[in-house]
Amino acid sequence: MLTAMGDVMRSAYKKGWITTRDGNISLKMKDKDSLYITPSGWRKTILHPEHMIKIKITPAGYNLPPGSNPSGELSMHLKLQRYHDKTRSIVHLHPTHIIAAVYAGWDLQELAKEFPEVSRYTKVGPTVPVLPVVSYELAEATFEAVTQWSTTGTNTHKFDIVAQAGHGVCAIGKNPWDAYEHIERLDHICEIVLMSGKRPGER
Ligand SMILES: [Zn+2]
């Protein structure tokens with residue numbers, strides 16, 4: 001699965017969903033108190049298993065290997081991964097059509113209901129507002145969007161993907177390709193809707 005982390009990044013790069021050094025992925029295996037995450041600033045086209053950084057999750061926070069430079073979005077990954085005992089991969093990319101659709105004012109949850117190719121397989125969560133990249137606010141807001149923690153009091157992942165306005169998406173799967181497929185499905189319908197020329201509210 002560490003190989004899949006690099007493969008997903010290469011595929012995302014080919015699709016134009018990231019520029020060379022963008023995006024990040026984490027992977028936490030079942031019942032483990034550690035996760036693997038992609039390095040910061042690394043060219044994602046040459047990302048391989050030996051580049052992944054293994055981070056130990058502790059009750060108070062986490063321990064980094066000395067000299068390591070993990071993704072700047074580490075706090076978002078830790079927040080989403082910390083409470084899970086099943087194998088999970090979190091994939092953060094900048095898929096063009098999803099970001100464009102949000103920018104144009106589309107409600108992705110409403111949009112997904114109209115397209116069974118998405119609604120049958122992918123649960124789309126509410127869009128996170130514009131927040132600074134690599135900030136704790138973005139990590140908190142993404143966690144809230146995925147779990148609805150403030151109303152349910154549980155930290156279970158309720159959605160497979162949420163968009164982050166003006167920035168990207170965070171998708172969750174049982175492996176990196178599974179998370180990638182959620183992004184692919186949603187990006188596809190966003191591309192269709194944008195190509196239709198319709199605007200939000202027009203029917
Ligand atoms: Zn990003």
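Where do Glu110 and Lys113 both lie? Both belong to helix H4 (residues 108–113), three residues apart, about one turn of the helix. Helices here are DSSP runs of H or I with at least four residues, strands are E runs of at least two, and both are numbered from the N terminus. The side chains of Glu110 and Lys113 meet in a salt bridge, with N to O at 3.0 Å. A salt bridge is a side-chain nitrogen of Lys or Arg within 4 Å of a carboxyl oxygen of Asp or Glu. At 42% relative accessibility, Glu110 counts as partly exposed. Lys113 is exposed, with a relative accessible area of 60%. Buried means under 20% relative accessible area, exposed means over 50%, and partly exposed lies in between (1.4 Å probe, protein chains only).

The model is predicted: local features need pLDDT of at least 70, side-chain atom pairs count only at pLDDT 80 or more, and totals for chains, interfaces and linings use all residues. Residues are numbered from 1 along each chain as its sequence is written, and side-chain values use heavy atoms, with hydrogens and water left out.

The salt-bridge rule gives a count of eight. Another of these pairs is Asp7 with Arg10, whose closest N and O atoms are 3.0 Å apart. Asp7 and Arg10 both lie in helix H1, three residues apart, about one turn of the helix. Asp7 is partly exposed at 30% relative accessibility. Asp33 and Lys56 also form a salt bridge, at 2.7 Å from N to O. Asp33 sits in the loop between E1 and E2 and Lys56 in strand E3 (residues 53–58), so this pair ties together parts that are 23 residues apart in sequence. Both ends are partly exposed: Asp33 has 42% relative accessibility, and Lys56 has 40%.

Next comes H1 itself. The 14 residues of H1 should span 20 Å at 1.5 Å a residue, and the end C-alpha atoms are 21 Å apart, which agrees. The expected span is 1.5 Å times one less than the number of residues. Within H1, Ala4, Met5, Gly6, Val8, Met9, Arg10, Ser11 and Ala12 are buried. What do the buried residues of H1 pack against? Their partners are E1, strand E2 (34–37), strand E5 (88–93) and H8. Contact means heavy atoms within 4.5 Å. After H1 comes Gly16, with a positive phi near 80 degrees.

Now the metal site. Which residues coordinate the zinc ion? His92, His94 and His167 do so, each through NE2, at 2.1 Å. Donors are N, O and S atoms within 2.8 Å of the metal (3.2 Å for Na, K and Ca); water is not among the atoms, so sites may look incomplete. Along the chain, the zinc donors follow the spacing H-x1-H-x72-H. His92 and His94 are both buried.

His94 leads on to Asp22. The side chains of Asp22 and His94 make a polar contact of 3.4 Å. A second polar contact, at 2.7 Å, joins the side chains of Asp22 and Thr19. A polar contact is a pair of N or O atoms within 3.5 Å; within protein, one must be able to donate a hydrogen and the other to accept it, and residues adjacent in sequence count only if both atoms are side-chain atoms. Asp22 lies in the loop between helix H1 (2–15) and strand E1 (24–28). Its relative accessibility of 24% makes Asp22 partly exposed. Beyond four places in sequence, Asp22 touches Met9, Lys44 and His94. Asp22 and Gly41 are 19 residues apart in sequence, with C-alpha atoms 7.3 Å apart.

Asp187 lies in helix H8 (residues 176–196). Is Asp187 buried or exposed? Asp187 is buried yet has no salt bridge; Lys15, the nearest side chain of opposite charge, is 6.6 Å away. For charge, Lys and Arg count as positive and Asp and Glu as negative, while His and the chain ends are not counted. Not counting residues up to four places away in sequence, Asp187 touches Trp17, Pro95, Thr96, His97 and Ile98.

Finish at Phe159, in the loop between helix H7 (149–152) and strand E6 (161–164). Phe159 counts as buried at 17% relative accessibility. Leaving aside neighbours within four places in sequence, Phe159 has contacts including Gln109, Lys123, Pro126 and Ile172. Val146 is also in contact with Phe159. Phe159 and Val146 are 13 residues apart in sequence and 5.4 Å apart in space, C-alpha to C-alpha.
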